[in-house]
Amino acid sequence: MVECLLDLPNELLQHVLRFLPGRDIVSVARTCRRFHGITQIEAVWQHKCQQDYGIRLAEQRDSDFTYQRLYTRLLYQFGHCLGLWKLGTSSSLFGMVVHIKFDSGQITAYHCRAPFSGDVRDPLNVKTELFRLVMSSGGGRVHCRKHTSAEIKVVSRDKISYRCKECLDLQPKHLNPFRQEEFMAFWREEMETVELVNRHDVMARILSVAHSTAFWSSYPLERVSVATHNPLSPVRLGLYKGTYGPHGIELINLTVASNGHTLLGNKLTGDPNVPAGQTSLFLYLKCPMVLGMREQESADTLKAIIPEIQSSVSAVQPASCQPFILSDDFELDAPTRDGLPIQLPNTCRARYHAEGRIAGHGYHNPSMCKAHFIVFEEDMFGVIWLDLDSFSLFCRVKQDLL
Ligand SMILES: [Zn+2]
């Protein structure tokens, strides 16, 4: 019979420690010499790093690295910052998506941007560093790209705010993107290139780059919760890149509405018409349709189709297939790397009635545009904006950003 916790063998005590939060392990260490000894065991901290933050390291590490240090000097303070974040609502029309990830012994925040090639099928550009959270003896420290004195304020579990006072003080009040020398120097530094790869979305990028500089010294972030699998959805949920005509590629988060039969495409990045934070797409799974070639002949034949609402949503069968053609009435604003338009498939797996949000500059007079939601693959779909005579292509972000 065990009368005291200390009668247990070290192996068992070590096991018990695994169930305690990191903070309590530190407290236990202070109670007596034997507990202190047990809490110094690396396996305990290795387990905590993995259990609490999913961090498992490769064998290659610095000689002074310990899991205990990683946990107590970095993760304990900043571990909750890991994951996918967006710029706090109403901070900016253009929005910003930030991936904060554990990376060779530190935590790094990267700006997730549309593929620089202009091709929506390419991976996001996740190279530009915004800030770093690093270990130090007095706990974690925040480094901006130039200074070591930045700070992260935790507002709540899902809201943090970043600030570098030195950058704020140094920042030119207005960066004028139309003064060429100043702009090109800035472009070289930020984009690691002087080439404007694709004329197509240069204007959109200039605007968003010029705009985002205002946020590199101080900005609020909100956690992005990415939906998990839903058996009724004909496409996978989560982050998608979409072509938004002259605005270039924007990022949306595809989720299921609370009614269970409408998919919502919420904008993580936006444009001067429909800003970040607004819902761009409403895709009605209760209104499927199967169209022949004749009905797809022109914008007029498509507009003449009346939606029929079914009583329930039926899942798309893997083998289902119907013809697809995009009439010349619609502008396909989806270039490849070479600037040529993307070749769309001539079949699709499913098609539904939908609506999309449109608005004037500054989100003036928002209204709904009738649309068709066309499922090509589980990771790729199209939207025909019937009232705008245009077509957007959406491709899922396959990079692991969680
Ligand atoms: Zn700074």
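**Overview.** I began by noting that the model is predicted, and I then looked up the make-up of the chain, whose secondary structure comes to 9 helices and 19 strands. Of its 402 residues, 34% count as buried. I also noted that, among contacts in the chain with a separation of 6 or more, 57% are between residues 24 or more positions apart.

**The sheet.** I traced an open sheet of 8 strands, in the order β5-β4-β3-β2-β1-β8-β7-β6, and found the pairing to be antiparallel. At its edges stand β5 (141-143) and β6 (151-156), each with a single partner strand, so one side of each has no neighbour in the sheet. From one strand to the next, the twist averages 30°. I then looked at β1 (residues 83-87) and β8 (residues 218-223), which run antiparallel and are joined by 3 bridges; Lys86 has Glu222 in β8 as its bridge partner.

**Helix α4.** I turned to helix α4 (residues 42-53), which has 12 residues and reaches 16 Å from its first C-alpha to its last, close to the 16 Å expected at 1.5 Å a residue. Which residues of α4 are buried? I found Val44, Trp45, Lys48, Cys49 and Tyr53, and seen down the axis of α4 the buried residues fall within an arc of 135°, so they line one face of the helix. An α-helix has 3.6 residues a turn, so residues three or four places apart point the same way. The buried residues of α4 pack against α1 (10-17), α2 (22-29), α3 (33-39) and α5 (67-78), whereas the face turned away from the buried side carries the exposed residues Ala43 and Gln51. Last, I noted that α4 is followed by Gly54, which has a positive phi near 65°.

Terms used: Residues numbered from 1 in each chain as written. Predicted model: local features only at pLDDT ≥ 70, side-chain atom pairs only at ≥ 80, totals over all residues. Pairing = 2+ DSSP bridges. Helix = DSSP H or I, 4+ residues; strand = E, 2+ residues; numbered from the N terminus. Axes fitted to C-alpha atoms, helices over the stretch in contact; angles between N-to-C directions. Buried ≥ 20, exposed ≤ 12 C-beta atoms within 10 Å, placed from the backbone. Contact = placed C-beta atoms within 7 Å. Expected span 1.5 Å × (residues − 1). Arc of directions from axis to C-beta.
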